[in-house]
Each structure stands twice: as structure tokens, then as C-alpha cells.
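Good morning, colleagues. Please keep the structure in view as I speak.

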Amino acid sequence: MADTEAAASRPHRHGTREAVLFGGVYGSVLACSMVAALSQYGHTSRDSRRYDAVWLLVTALASALAHGYAHFIAERAPHRRWDALRTLADEWPLVAAVLPTALVLAGAGWGWWPANGVEYPAFALNITLLFTLGLVTARWSHRTWPTAITIGAVDAMLGVVVVVANAVIK
């Protein structure tokens, strides 16, 4: 009985694998959406790509803060002094998932590659990340290879939906 009460009073801690999958998928879809939104008006200068990279990072940090805060207040349990910071720190996979896209955008802004059309490699990168996250997570859960590939494909479809929506909107 005491163990049950102690477990009920502790906030739910997400496992690392769960956090990586959730944050990775959320961050990759967020990155696709932001690239689509920021490139909608055809601004392809190096300055605009650096600006896009900064806005992507700001949006990821704001999303991580909002999600961590939502988890913190939704737990409705007594909290210790540093629980809020621990809850926010648990959102690192979301921010980490947007870093490759931010690097692609910033690299275009720094002249490492052309700034025009950089959204297409960014989309491909995020769709690949989504597939990989789904596949790896499914294999961690001891799913069969066909099931893992299907889960990876479904995750990748989230990114494809964003890309298709972007093409339709343009």
C-alpha cells in the first residue's frame, strides 16, 4: 500500500526512448512546418536563411518550454524545488531534432551551399529523420523488421504531409 501511495505522489517520468521518439517526431514535423512557412514567400537571400535558422531555433525552444510547462502543471502533484527545471530539461529531444535543419538553413546563410531551394534538402532531411526515428524506436521495442519499417514509413508520412500541404498552398 505504501509503495502505491509513493508511486502515485511521484510525477510521471518519461523514459529516454519515449522522450527521444516524441521529441524527435515533434521536432522534425515542427522543422518541416517552419521551413515550409518561412520559405513560402520566396525569400532566398543568405540573410533570410540565417533569419530562418534563428526563428526555427526560437520556435523549437518556445515549443519545448510550452510542452514542458504543460507536463509540469498537468501532473497536479506536489513538486520539489527543481522539478520544473527537470521537466523542461526533459524536452531536449524536441530541440535536438530541429538542430540539423537549423544547420542546413544557417549553412545556406553562411554561403556553404546555395540559399535558393535549400528547403528541399531540409524537407528530405526531416522525412529521413522521421523514418529513422520510427524504425529505431520500433526495433528498440523488439518489433519485427516489417513492422518497424511500416512504423518508420508512417512517421515519415507526417513529414510528407507537411511537404505536400506546402506545395498545395503555394
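**From a surface tryptophan to the core**

Let me begin with W55, which lies in helix α3. Please bear in mind that the model is a predicted one. Is W55 buried, partly exposed or exposed? The residue counts as partly exposed, because its relative accessibility is 37% and that class lies between the 20% and 50% cut-offs. W55 also belongs to a nonpolar patch on the surface, formed together with Y51, V54 and V58. The accessible area of these four residues together is about 390 Å².

I turn now to the chain as a whole. There are seven helices and zero strands, so that the pattern along the sequence, as DSSP runs define it, reads α-α-α-α-α-α-α. Along the principal axes, the C-alpha atoms fill a box of roughly 65 × 40 × 30 Å. Of the 170 residues, 37% are buried. The accessible surface amounts to about 10,000 Å², and carbon and sulfur atoms account for 68% of that. If we take the contacts between residues at least 6 apart in sequence, 72% of them join residues at least 24 apart.

Which residues have the most contacts inside the largest nonpolar core? They are L30, L56, V98 and L105, in a core of 24 residues. Helices α2, α3, α5 and α6 each supply at least two residues of this core, and α5 gives the largest share, with eight. As for L30, leaving aside residues up to four places away in sequence, its contacts are T59, A60, S63, L94 and V98.

Helix α6 has 22 residues and spans 31 Å between its first and last C-alpha, close to the expected 32 Å. Its buried residues include F123, N126, L130 and L133, and among the elements that cover the buried positions of α6 are α2, α3, α5 and α7. After α6 comes H142, with a positive phi near 65 degrees.

Helix α7, residues 145–169, has 25 residues and reaches 36 Å, close to the 36 Å expected. Which of its residues are buried? They are A148, G152, D155, A156, G159, V162 and N166. These buried residues pack against α2, residues 16–38, and α6, residues 119–140.

Thank you for your attention.

Notes
Residues numbered from 1 in each chain as written. Predicted model: local features only at pLDDT ≥ 70, side-chain atom pairs only at ≥ 80, totals over all residues. Heavy atoms only, no water. Helix = DSSP H or I, 4+ residues; strand = E, 2+ residues; numbered from the N terminus. Expected span 1.5 Å × (residues − 1). Buried < 20%, exposed > 50% of the residue type's maximum accessible area, 1.4 Å probe, protein only. Contact = heavy atoms within 4.5 Å. Core = buried A, V, L, I, M, F, W, Y, C linked by side-chain atoms within 4.5 Å. Patch = residues over 30% accessible without salt bridge, like charges linked within 9 Å, V, L, I, M, F, W, Y side chains within 5 Å. Areas by Shrake-Rupley, 256 points an atom, 1.4 Å probe, with all protein chains shown as cover. Salt bridge = Lys/Arg side-chain N within 4 Å of Asp/Glu carboxyl O.
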